[in-house]
Amino acid sequence: KITVKQGGKLEGMVYDVEGNPGAGVMVRILGPSNFLARSDERGAFHVVKMPPGQYKVSSHSGSIPFGGNPGSGLTAPDSIPVYLAEGETSKVEVHLR
């Protein structure tokens, strides 16, 4: 028997300081594997086929060098811990400051 693992999925929303959707915001996801995502015009982002485990989600309205420090722009106050389980979808909200 062959078992194919599908991983987990992370769905999220980014909001600016006024509570409006944060479009075009880079979201950094660090954990067992590292990912970058960009929010769409509605502030939504998603990443699929992520290995299960504990992740930290942070964001920045400017560019983020992968594995580096954010440049200028709005940032999320702290990284947000998220646990992903195999075959499950986790959701997160990111609020910029």
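This is a predicted model: local features need pLDDT of at least 70, side-chain atom pairs count only at pLDDT 80 or more; totals for chains, interfaces and linings use all residues.
Residues are numbered from 1 along each chain as its sequence is written, and side-chain values use heavy atoms, with hydrogens and water left out. Local features need pLDDT of at least 70 and side-chain atom pairs count only at pLDDT 80 or more, while totals for chains, interfaces and linings use all residues.

**Exercise 1.** State how many helices and strands the protein has, and in what order the elements run.

Solution. Helices (H or I, at least four residues) and strands (E, at least two) are DSSP runs, numbered from the N terminus. The protein has zero helices and seven strands. From the N terminus, the order is β-β-β-β-β-β-β.

**Exercise 2.** Find what share of the residues is buried, and what share of the contacts joins residues 24 or more positions apart.

Solution. Buried means under 20% relative accessible area, exposed over 50%, and partly exposed in between (1.4 Å probe, protein chains only). Of the 97 residues, 36% are buried. A contact means heavy atoms within 4.5 Å. Among contacts with a separation of 6 or more, 56% are between residues 24 or more positions apart.

**Exercise 3.** Decide whether Ser58 is buried or exposed, and list the residues it touches.

Solution. Ser58 lies in strand S5 (residues 53-60). Its relative accessible area is 17%, so Ser58 is buried. Leaving aside residues up to four places away in sequence, Ser58 touches Met26, Val27, Arg28 and Ser79.

**Exercise 4.** Describe the phi angle and the exposure of Lys49.

Solution. Lys49 belongs to strand S4 (residues 44-50). Its phi is near 55°, a positive value in a residue other than glycine. Most residues other than glycine have a negative phi. With a relative accessible area of 69%, Lys49 is exposed.

**Exercise 5.** Identify the salt bridges and the residues that are linked in a network.

Solution. A salt bridge is a side-chain nitrogen of Lys or Arg within 4 Å of a carboxyl oxygen of Asp or Glu. A search of the whole structure finds three.

- Glu11 pairs with Lys9, the closest N and O atoms being 3.1 Å apart. Glu11 is partly exposed at 25%, and Lys9 is partly exposed at 27%.
- Glu11 also pairs with Lys91 at 3.6 Å, N to O. Glu11 lies in strand S1 (residues 8-15) and Lys91 in strand S7 (residues 89-95), so this pair ties together parts that are 80 residues apart in sequence.
- Asp40 pairs with Arg42 at 3.3 Å, N to O. Asp40 is partly exposed at 24%, whereas Arg42 is exposed at 51%.

Lys9, Glu11 and Lys91 are linked in a network of salt bridges.
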